[in-house]
Amino acid sequence: MKKTFGMPSNFHSASGAGQPAKINESSTQGREPFISLILPVLNEAPILAGALSNLPQAPDREIILVDGGSTDATREVAAGFPHIRWVSAPRGRGVQMNAGARLARGDYFIFLHIDTALGPEHFAALRQAASDPRVGAGAFELRLTPATPFLRFIAWGANWRSRLFGLPYGDQAIFVRRDLFFALGGFAHRHPEDLDLVLRLRSLTRVRLLTPPVSSSGRRWLKHGNLRTSGYHWVFLIRHLAERLLTRRWPPMGQLFSG
C-alpha cells in the first residue's frame, strides 16, 4: 500500500494556506459526484477487517484509512485490502480526518467512524441529495446496535436533535461538499471536532438529515454505562456551546492547513 501525506494533485479549492476557499455550488451538476470516504482509526484491529469488508466498492468512490499511530495489528489488517488507501497522521480524530481530506479526490467527503456501517442504500441517498446544488452538508439518521431499549431511546433523541437543530454527531456519517469543507478550513484539532464543524457549516448551508439510518455501535454505552455515557455527551455539548458563546477558543476556521 502506498503511504502518502500531502496535498492532492487536483487540489484547487483553496486560495492559499489558511485562507477560505471559493464555493462553487454547481461543481457536480450534470454528473455523478465522486465520493471520498475518510476513516480515522487507532488500534481498531479487532473490528477493522469486518468493517472494511462491509464497505461497498464502486468506481465513483475511494476509501482513505487514516491511522493515528496504532500499536496493534491495524496496519497489517488494512494491508489485506489493497483497494483502500492507507495514510498515517498524528493522533487525533480531527488531525487524522484533515490529513485524509487533503489527499481526497472526491466532490463529497464522508467522515466515517469505523464502527458505523454504510451500505449501497446510503450512497444512493447521498447521490440523490447531491443532485440538488443547495445540498452542501449533512448526515444520516442514527440506529444504535445492539437495539436495547436505552440505545433505541438515545438514537431517537439524536435523530430529533439533528432534525430540529441541525446538530448531527460524528457517528452519523457526516458528509460535506469539498468546496465547503475547504472554505471552512476543515476540522479543528481538538474535541469535539465534529460538533465544531457542524456549527460552522450551519453558517454556510443547511445541514441535511438523510435516510435510511446508519447503524453505529453502542459499545461506548455498553462499556462505560448508559447514564454515564449520555451524561458525558450532554455535559460536553453544553460546555462546547458555552465556550463558543463566551470565549474565543473556537475560531471560524478549522486547522486543515496547520502543520
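Trainee: Which residues does Ser70 touch, not counting residues up to four places away in sequence?

Mentor: Ser70 touches Val41, Leu42 and Asn43 on that count, where contact means heavy atoms within 4.5 Å. Keep in mind that this is a predicted model, where local features need pLDDT of at least 70 and side-chain atom pairs pLDDT 80 or more, while totals for chains, interfaces and linings use all residues. Numbering starts from 1 along each chain as its sequence is written, and side-chain values use heavy atoms, with hydrogens and water left out.

Trainee: Okay, where does Ser70 lie?

Mentor: Look in the loop between β2 (61-67) and α2 (74-78). Those labels are DSSP runs numbered from the N terminus: helices are H or I, at least four residues, and strands are E, at least two.

Trainee: With which side chain does the side chain of Ser70 make a polar contact?

Mentor: That's the side chain of Asp67, at 2.4 Å. A polar contact is a pair of N or O atoms within 3.5 Å; within protein, one must be able to donate a hydrogen and the other to accept it, and neighbours in sequence count only if both atoms are side-chain atoms. A polar atom of the Ser70 side chain also lies 2.7 Å from the backbone nitrogen of Asn43.

Trainee: What is the phi of Asn43?

Mentor: Most residues other than glycine have a negative phi. Asn43 has a positive one, near 55°, and sits in the loop between β1 (35-41) and α1 (45-53). Ala173 also has a positive phi, near 60°, in the loop between α5 and β7 (174-177).

Trainee: Is Ala173 buried or exposed?

Mentor: Buried means under 20% relative accessible area, exposed over 50%, and partly exposed in between, using a 1.4 Å probe and protein chains only. Ala173 is at 0%, so it counts as buried, while Asn43, at 33%, is partly exposed. Asn159 is buried too, at 8%. Asn159 is in helix α5 (residues 149-165), and a polar atom of its side chain lies 2.7 Å from the backbone nitrogen of Leu142.

Trainee: Which residues does a cis peptide bond join?

Mentor: Most peptide bonds are trans. Here, a cis bond joins His191 and Pro192, with omega about 0°. Another joins Thr211 and Pro212, with omega about 5°. Pro192 is in the loop between α6 (178-183) and α7, whereas Pro212 is in strand β8 (residues 207-217).

Trainee: Which residues in α7 meet α9?

Mentor: Leu195, Asp196, Leu199 and Arg200 in α7 meet Leu237, His240, Leu241 and Arg244 in α9.
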